[in-house]
Amino acid sequence: MTRNKRIGIISYSAFVLLPIYWLINMSFKSNEEITGGLSLWPQQFTFANYQVIFTDPSWYNGYFNSIYYVVLNSVITLVVALPAAYAFSRYKFVGDKHLFFWLLTNRMAPPAVFLLPFFQLYSSVGLFDTHIAVALAHCLFSVPLAVWILEGFMSAVPREIDETAYIDGYSFGHFFIRLFLPLISSGIGVTIFFSFMFSWVELLLARTLTSVNAKPIAAIMTRTIGASGVDWGVLAAAGVLTIIPGVLVIYFVRNHVAKGFALGRV
Amino acid sequence: MNKVQNNKAWLLVLPVFLLVAFSAIIPLMTVVNYSVQDIFDQNNAYFVGLEWYQEVMSVPRLQDSLARQFFYSGTVLLIEVPLGICVALMMPTRGWTASLSLIVLALPLLIPWNVVGTIWQIFARSDIGLLGYVINGIGIDYNYTNNSVDAWFTVLLMDVWHWTSLIALLCYSGLRAIPDAYYQAARIDRASSWAIFRYIQLPKLQGVLIIGVLLRFMDSFMIYTEPFVLTGGGPGNSTTFLSQTLTKMAIGQFDIGPAAAFSIIYFLIVLLVSWLFFTTITHLDKDKVKEQSHD
């Protein structure tokens, strides 16, 4: 039984890793070698593809742009979602259920629907091609999810803690920041993970709302496809570099993943 | 938990409300606005009522991609949910192997979607890709760029690779929350491993599975980037899904009125299916509880 399990999980992991390995393998090959024939590992190991990216500002700025709006998005999401989640977990108020459901429906809106109106809206307020525009647009998906996750974690904290703190004379702000936030720190970690995840992987809106100054790396990658065919090596190297931030993030939250993926609800 | 009635809580919710309203209500109203007008240029727009809605419902291209979309989402759910549960059951529960398998499984979820398309483009090509090369090597003629069956197979395999992890991780966290006492009781009763799965694990997974199925339905129904990069919707239109048809219509041909009407229908379908699924599941649950209390 356990042996079968081990074989099962190892073969599934192999299925997950094999395509990624192929990308890494290809990023260390020259284009001649890639198109010349199939080999399981690079015969002539080369860093040339990575050199192209690290020496050209129009390439590496794409990474800075992406990271910039992803961080901005996570910060905005946390700042607005924390008080709202607290309100949903502690109070009844007029329209609370409707508001909560309405927030979640935004997660169901196909991004393709919003392309044109987003473009016009952000152009008309002068935010087109800025990082903040992409961060705000991504809030459409990250904020509802963040409120939902945080509400789950906060509801697990007993009300008595709030009440005791107020009786002890703590102001709301002091209590919230000094006492309450540390109690739900794993929830905050998970929220950051999810906002990062959905903002980092999204391309459609990010590409529509930017042209030069805030263009994400994922959109810059398309220019490896030129008139003379595809520059496979550089494409693969750029792809490998987009995986690294994800690996770092998952490494930091690995101990909270089990609880976090249940959105604090089990 | 008993909550206190307090309308001042609105002050705490206000920032979220304003932010999401800016990003959601204004654009949505713009779309609604477009969908009931015929726009020639900035100064010439005519109110046409529901004309566009009637028109888009009879466009064969849209009907085809809608049917494809339902088939795709259905297939994806049928494969990923059982597979995800199996993977979650096989995952090690403690030690460094547990951390390692978590990281490996979460990996595909954190790769930008167009890079996912690129990875599979490189992996499945018959000339430079391992998968394509191996399939052709064992004597099966495989080329996803000009055979629509192969293209479908590749797109589905890509989605399974990309998203089964989400179901698996959700179930994994659900399984970790089952108290050991349940398993001890099962051992005393000499329950078979199937009985443990059917009567202990599966019921406890219900909550996370609802979240998983909803997320997977919504995201697979809105899929755009990955097949766009992998197959470009081809060969022909065989892997052109709804989002792609819509974007072509709105930005490629600038048919804003019909595209907007179609957007609204699209959004409503996602909402309706999600709502139906959610209410059916929760009602079934209530009925079950009622039956048990009658016994």
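**Notebook: chains A and B**

Helices (H or I, at least four residues) and strands (E, at least two) are DSSP runs, numbered from the N terminus.

The model is predicted, and local features need pLDDT of at least 70, side-chain atom pairs 80 or more, while totals for chains, interfaces and linings use all residues. Residues are numbered from 1 along each chain as its sequence is written, with chains lettered from A and ligands numbered from 1 in the order in which they are written.

I then turned to Asp64(B), found in helix α3 (residues 60–90) of chain B. Asp64(B) counts as partly exposed because it has 14 C-beta neighbours inside 10 Å. Thr240(B) is 176 residues from Asp64(B) in sequence, yet their C-alpha atoms are 9.2 Å apart.

Next I examined the interface. I found 74 residues of chain B in contact with 80 residues of chain A (C-beta atoms, placed from the backbone, within 7 Å). On the chain B side, helix α1 (residues 9–35) gives the most, with 14 residues.

Last, I noted that strand β1 (residues 91–92) of chain A pairs in the parallel sense with strand β1 (residues 4–5) of chain B over two bridges; pairing requires at least two DSSP bridges. Tyr91(A) stands opposite Val4(B) there.

Terms used: Contact = placed C-beta atoms within 7 Å. Buried ≥ 20, exposed ≤ 12 C-beta atoms within 10 Å, placed from the backbone.
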